[in-house]
Amino acid sequence: MTPLQAPPATALILVVDDSKLNRDLLCEYLDALGYASESCQNGTAAVARLEERSFDAVLLDIDMPELDGYGVLEYMKTRDALQFIPVIMISGRDDVPSIARCLELGATDFLSKPFNPKILEARLSGSLEKKRLREAEQELIRMRDALTHMIVHDLGNPLSVIQMNLQMMRMLGEGDTERLGHLDRAASAMGTMIESMLDLSKLESGTMPVRLAEVDMTALLEQVEAEYAPFASDRDLVLGVEVESGLVAIADVLLLGRVLANLLTNAFKYARPATRILISARRDNGDVRLIVEDDGPGIPDELHERIFDRYYQVESAESGVRAGVGLGLAFCRLAMNAMDGAIRAESAAPHGTCFVVTLIDANNRRRIS
Ligand code: ADP
């Protein structure tokens with residue numbers, strides 16, 4: 001039986017309220033509905049219990065001694081294992097600011113005391129169903145990723161057999177040169193795809209080595225310019241570099257180089273002929289900002305986040321380009337996260353795309369928010 005078909009186990013609910021009467025009432029009520037429950041008399045005890053045991057939902061009061069309901073919500077938000085547990089607030093308060101604050105802090109729902117038991121029953125079962133579906137979806141994603149990883153990993157061996165045989169055929173003068181060229185290019189494109197997918201898995205699982213050190217941005221961008229200017233002129237494009245002097249960022253120079261390579265490859269792909277691609281680096285608001293800007297068709301504002309999803313590609317009649325598989329920007333996002341940095345897309349004026357990479361400034365080592 002797969003996890004998706006498993007019968008629902010009795011849900012375990014944590015009741016948090018400083019009034020014993022309310023706790024007992026809620027627990028009795030949950031029992032009558034067929035749920036298991038536990039109770040705590042304040043936020044501090046609730047947080048400790050949430051760390052010890054796995055609960056399916058929390059019924060939470062706001063006003064309690066020691067740690068109040070807001071504090072519990074804040075705490076749960078910071079913990080990966082707790083942030084998706086549904087929390088239904090049950091409070092004597094019914095004013096809009098209190099309700100809004102709870103919802104902002106991640107509460108799933110809000111019921112004012114005295115509450116209607118039928119409404120609590122409906123809200124609780126709705127929240128538990130959503131949680132169950134989310135967990136089933138996560139499990140499917142995990143299974144899909146594990147399967148993809150296994151297949152991709154195993155594709156490397158037959159691919160190297162193909163590449164070795166192509167090499168032998170060339171050496172022995174066998175086969176048609178043009179066809180061999182097509183096969184070579186297809187095989188190396190497949191090799192790049194396999195490498196990208198394996199790298200993404202490594203970044204996601206935290207097994208990609210990340211060596212953070214001081215990176216002199218002038219030296220890095222001079223090197224990038226020397227490497228990529230010939231590709232730009234082949235495509236009738238101009239590559240410009242502007243760096244503020246003395247700029248030093250904290251990064252893994254190899255990973256950052258690969259992020260820039262992905263951004264530049266895209267810029268070369270999409271820029272209109274005879275336009276300029278500009279890489280600039282400067283201090284901004286205490287961080288180092290690295291910007292790659294092109295004058296291509298641009299990306300609609302509402303897709304500026306989606307393009308960082310795996311396999312996502314913008315359908316654009318204007319650009320007409322659809323080479324690649326949509327892994328480059330997913331790699332950039334994970335690589336920047338691994339370097340405690342960030343990356344986002346913006347629209348360039350009057351048209352085109354601007355990728356903004358944010359890095360920690362070595363002269364001002366504060367975390368990027
Ligand atoms: P790929 O280039 O392999 O398709 P990416 O993850 O690098 O994958 O990019 C995802 C999508 O974002 C691209 O398919 C393209 O639609 C869009 N995109 C990325 N960079 C640019 C750019 N500079 N200009 C316009 N569209 C872009």
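Author: Let us begin with the ligand: a polar side-chain atom of Gln 313 lies 2.6 Å from one of its oxygen atoms. The protein covers 95% of the 530 Å² of accessible area that the ligand has on its own. Please keep in mind that this is a predicted model.

Reader: Which distances do Asn 266 and Asp 294 show?

Author: A side-chain N or O atom of Asn 266 is 2.8 Å from an oxygen atom of the ligand. For Asp 294, a side-chain N or O atom is 2.7 Å from a nitrogen atom of the ligand. The cut-off is 3.5 Å, so such pairs count as polar contacts.

Reader: Which residues around the ligand come nearest, and which element gives the most to the shell?

Author: Of the 18 residues around the ligand, the nearest are Asn 266, Lys 269, Asp 294, Gln 313 and Leu 329. Helix α8 gives the most to the shell, with three residues. At least two residues each come from α8 (253-270), α9 (328-338) and β12 (353-361).

Reader: How do you know that the span of α1 is close to the expected one?

Author: Helix α1 (residues 20-32) has 13 residues, and from its first C-alpha to its last it reaches 18 Å. At 1.5 Å a residue, 18 Å is expected.

Reader: Why are the buried residues of α1 said to be on the same side?

Author: In α1, Arg 23, Leu 26, Cys 27 and Leu 30 are buried. They cover an arc of only 100° around the axis, and therefore lie on the same side of α1. The face turned away from that buried side carries the exposed residues Leu 21, Leu 25, Glu 28 and Ala 32.

Reader: Why are the buried residues of α2 said to line one face?

Author: Gly 43, Ala 46, Val 47 and Leu 50 are buried in helix α2 (residues 43-52). Seen down the axis of α2, the buried residues fall within an arc of 100°, so they line one face of the helix. Their cover includes β1 (12-16), β2 (36-40), β3 (57-60) and α3 (69-78).

Key: Residues numbered from 1 in each chain as written. Predicted model: local features only at pLDDT ≥ 70, side-chain atom pairs only at ≥ 80, totals over all residues. Heavy atoms only, no water. Buried < 20%, exposed > 50% of the residue type's maximum accessible area, 1.4 Å probe, protein only. Helix = DSSP H or I, 4+ residues; strand = E, 2+ residues; numbered from the N terminus. Arc of directions from axis to C-beta. Contact = heavy atoms within 4.5 Å. Expected span 1.5 Å × (residues − 1). Near = heavy atom within 4 Å. Polar contact = N/O pair within 3.5 Å; in protein donor to acceptor, adjacent residues only side chain to side chain. Areas by Shrake-Rupley, 256 points an atom, 1.4 Å probe, with all protein chains shown as cover.
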